[in-house]
Amino acid sequence: MSDGMTAPENKFSQTLAALGVTRPDQLAPLFAEIRARFDADATAAHDEATWKQFRDAWLGRKSGVLTQVTDNWLKPAPPELKRVVGQELNKLRAHVESEIEVRRLAIEAGADDAALARERVDLSLPGVKRPIGSHHLIRQVFQQIEDIFVSIGFSVVEGPEIETPYYNFEALNIPEFHPVRDDMDTFYLELPKGAPSPLLLRTHTSPMQIRTMEKRLPPVRVIVPGKVYRRDNPDATHSFAFHQVEGLAVDTDITFCDFTGTIEYFVKQFFGPGVKTRFRPSYFPFTEPSVEFDVTCVFCGGSGVSAGGGTCSKCKGAGWIELFGAGMVDPAVYGFVKYDPKKVSGFAFGIGIDRLAMLKYGIDDIQVFFQNDVRFLRQFP
Ligand code: PHE
């Protein structure tokens, strides 16, 4: 010890007799010395490791200070000293034990404080920014189309992607062995034996024409956004899953003029007032007459000539781009939904959304819609 006291360890490793202690009144100062040594030691215990060393040095069963005092002073003490040695030792033990516990609590509290300080949340730091996603471009185009048609009195309905052949084909005037099924034959579901009807992934949104007319009496004005499926091999313009918006208007007085006027209105709203439309005869089993709508090429403005002076690669110099199929509802279809073909008339159309989005936004590969590469998605926030 550096404070000039006689090194206490020398004292408690000897007997009282060897220390020359023969009277009880010599004991108090002796114990006071040890207690002072203990109090000095205690200040060194400032963390868990030093506290353990300190505890073992004083309370260790084999060679702790209290064990040595017991073995060297108390046990061999002559009868006239033994009682006082016992009393002093008990006082010392009580002090040592309670101090060690106090130290432990203080160190624990200190560790807690340190952890709290270390883990303190700094509210002035900028927060973690979680980017908010955006609607997929296809969803955005659906929305644009819905807004246009809703503004002229159509409502939006949706239907099942898994259909029966009745709705997908038969009720649309496509009987079982009609050759047009070859174009549209699709994915049939594997069903347990005895299932009431085969099921398939719908090849178009047209089944909703039937489902809507079954439920409502004319006037009917609906559009049907949705996913459709075909047995197509993927390339830049084909995908086994794509998107359509079906349209259907049926009433007692709908004419071909209402039909072309509606389509023209939609196309101009969607692509801008500068585009022109035209229609060409076409064929669908559920419309008669059937048409294909074309729009003037949105890339070359209908000139067929690209900005660089060459042939426009998008319309291949034609100046027109094929947009979608449509027509006046075939009277045969009304028979399936118990409408009177003599009293009602109407038109239907089926817009390919992927194609429309590609034209409007200059995208040349349909596959990007399905790959969900964020570098693509971020371009359409
Ligand atoms: N269902 C047709 C198709 O997917 C498109 C269409 C819809 C044609 C409505 C006419 C009327 O090709």
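**Exercise 1. Which pocket is the space taken by the ligand?**

Solution. The model is predicted. Step one: find the ligand. Step two: look at the space around it. The ligand takes up the largest pocket.

**Exercise 2. Find the residues that surround the ligand, and say which are the closest.**

Solution. Start with the count: the ligand is surrounded by 14 residues. Then pick out the closest: His204, Ser206, Arg230, Gln244 and Gly350. Next, sort the shell by class. Seven of its residues are polar, five are nonpolar and two are charged.

**Exercise 3. Which strands each supply at least two residues of the shell around the ligand?**

Solution. Three strands are to be named: S5 (241-251), S8 (320-329) and S9 (345-352). Now look for the largest share. Strand S9 gives it, with three residues.

**Exercise 4. Check the ligand's N and O atoms against the side chains of His204, Ser206 and Gln244.**

Solution. A polar contact needs a pair of N or O atoms within 3.5 Å. Take His204 first. An N or O atom of the His204 side chain is 2.9 Å from a ligand nitrogen. Go on to Ser206. Its side chain has an N or O atom 2.9 Å from a nitrogen atom of the ligand. Finish with Gln244. Here the ligand atom is an oxygen, 2.9 Å from an N or O atom in the Gln244 side chain. Last, turn to cover. On its own, the ligand has 330 Å² of accessible area, and the protein covers 92% of that.

**Exercise 5. How many aromatic pairs does the structure hold? Classify the pair of Phe38 and Trp58.**

Solution. The total is 23 aromatic pairs. For Phe38 and Trp58, read the distance: 4.9 Å centre to centre. Then read the angle between the planes: 85°. Planes over 60 degrees apart count as edge-to-face, so this pair is edge-to-face. Now place the two rings. Phe38 is in helix H3 (residues 27-42) and Trp58 in helix H4 (residues 48-59). They are 20 residues apart, and the pair links distant parts of the chain.

**Exercise 6. Inspect the backbone at Pro219, Pro289 and Lys316.**

Solution. Most peptide bonds are trans, and most residues other than glycine have a negative phi. Next, take each residue in turn.

- Pro219: the bond from Pro218 is cis, with omega about 5°. Pro219 sits in the loop between helix H10 (207-215) and strand S4 (220-229).
- Pro289: the bond from Glu288 is cis too, with omega near -5°. Pro289 belongs to strand S7 (residues 287-296).
- Lys316: phi is positive, about 55°, although Lys316 is not a glycine. The loop between S7 and S8 holds Lys316.

Conventions
Residues are numbered from 1 along each chain as its sequence is written. This is a predicted model: local features need pLDDT of at least 70, side-chain atom pairs count only at pLDDT 80 or more; totals for chains, interfaces and linings use all residues. Side-chain values use heavy atoms; hydrogens and water are left out. A residue is near a molecule or strand if one of its heavy atoms lies within 4 Å of it. A polar contact is a pair of N or O atoms within 3.5 Å; within protein, one must be able to donate a hydrogen and the other to accept it, and residues adjacent in sequence count only if both atoms are side-chain atoms. Accessible areas come from the Shrake-Rupley method with a 1.4 Å probe; for residues, only the protein chains shown count as cover. On a 1 Å grid over the protein atoms alone, a cavity is a set of points where a 1.4 Å probe fits but cannot get out, and a pocket is an open set with protein on both sides within 12 Å along at least five of seven lines; lining residues have an atom within 4 Å of a point. A molecule sits in a cavity or pocket if more than half of its atoms lie within 2 Å of its grid points. Helices (H or I, at least four residues) and strands (E, at least two) are DSSP runs, numbered from the N terminus. Ala, Val, Leu, Ile, Met, Phe, Trp, Tyr, Cys and Pro count as nonpolar, Asp, Glu, Lys and Arg as charged, and the others, Gly among them, as polar. Rings of Phe, Tyr and Trp (its six-membered ring) pair if their centres lie within 6.5 Å; planes under 30 degrees apart count as stacked, over 60 as edge-to-face and the rest as tilted.
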